[in-house]
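Thanks for coming. Please have a look at it before I start.

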Amino acid sequence: MSLTPDDPIEIGTEHLTVLGREHRAPLAHVECFDAPPDVALVRFRTEEVSSRCPVTGQPDLSTVLIEYRPHRSCVESKSLKLYLWSFRDRAVFAEALAAEIAREIHGSAHPRRVTVTLTQRPRGGIEVEAVAELPAD
């Protein structure tokens, strides 16, 4: 059975544990739902990711752009927000943070490709931009 443009797209959400519920703690992993047909690219952007410098302990603030080409799953955005919150007190370099986020999206949603661009706000006049890319398995 093929869908026509007028057919509604229904996506099951009963397996999601965060969406639509009160949740007041960071998450260790993102949650996913079945990808709707015809979605070629998903892009998330936030300017509110914080972590700490692993050497000085000073706060680092970053913008994160996540782009992925869905295969069978899409990342649920509330769980992504709570996952990114888990880095708030973590001591991590920008490059390692970009790679870790890319691995999480890759391991959870199994996209065709994922690219994470993390831009750390300048401290000492230097802005750091780290790009992590992972293709499908």
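Predicted model: local features only at pLDDT ≥ 70, side-chain atom pairs only at ≥ 80, totals over all residues.

**A ring pair, a helix and a pocket**

Tyr-83 counts as buried, because its relative accessibility is 3%, and the cut-off for buried is under 20%.

A search of the whole structure finds 2 aromatic pairs. In the pair formed by Tyr-83 and Phe-87, the ring centres are 5.3 Å apart and the planes stand at 85°, so the pair is edge-to-face. The angle cut-off for that label is over 60 degrees.

The largest pocket holds about 250 Å³ of space. It is lined by 13 residues, and those closest to its centre are Thr-46, Glu-48, Val-49, Lys-81 and Leu-84. Which elements each supply at least two residues of that lining? They are β2, residues 42–52, and α1, residues 77–85. The most comes from β2, which gives 6 residues. By type, the lining divides into 6 nonpolar, 3 polar and 4 charged residues.

Now helix α2, which covers residues 94–109. Its 16 residues, at 1.5 Å a residue, should span 22 Å, and the end C-alpha atoms are 23 Å apart, so the two values agree. The buried residues of α2 are Ala-94, Leu-97, Ala-98, Ile-101, Ala-102, Glu-104, Ile-105, His-106 and Ala-109.

What does the backbone do just after α2? There, His-110 takes a positive phi of about 50°. His-110 sits in the loop between α2 and β5, the latter being residues 113–123. Its relative accessible area is 45%, so His-110 is partly exposed.

His-110 is not a glycine, yet its phi is positive.

Asp-38 is another such case: not a glycine, and with a positive phi of about 75°. Asp-38 is found in the loop between β1, residues 32–34, and β2. Is Asp-38 buried or exposed? It counts as exposed, because its relative accessibility is 80% and the cut-off is over 50%.

To recap the two loops: Asp-38 lies between β1 and β2, and His-110 lies between α2 and β5. That is where I will stop.

Terms used. Residues numbered from 1 in each chain as written. Heavy atoms only, no water. Helix = DSSP H or I, 4+ residues; strand = E, 2+ residues; numbered from the N terminus. Expected span 1.5 Å × (residues − 1). Buried < 20%, exposed > 50% of the residue type's maximum accessible area, 1.4 Å probe, protein only. 1 Å grid on protein atoms, 1.4 Å probe; cavity = no way out; pocket = protein on both sides within 12 Å on 5 of 7 lines; lining within 4 Å. Points joined across faces, edges and corners; volume = space filled by probe spheres on them. Nonpolar A, V, L, I, M, F, W, Y, C, P; charged D, E, K, R; others polar. Phe/Tyr/Trp six-rings, centres within 6.5 Å; stacked < 30°, edge-to-face > 60°.
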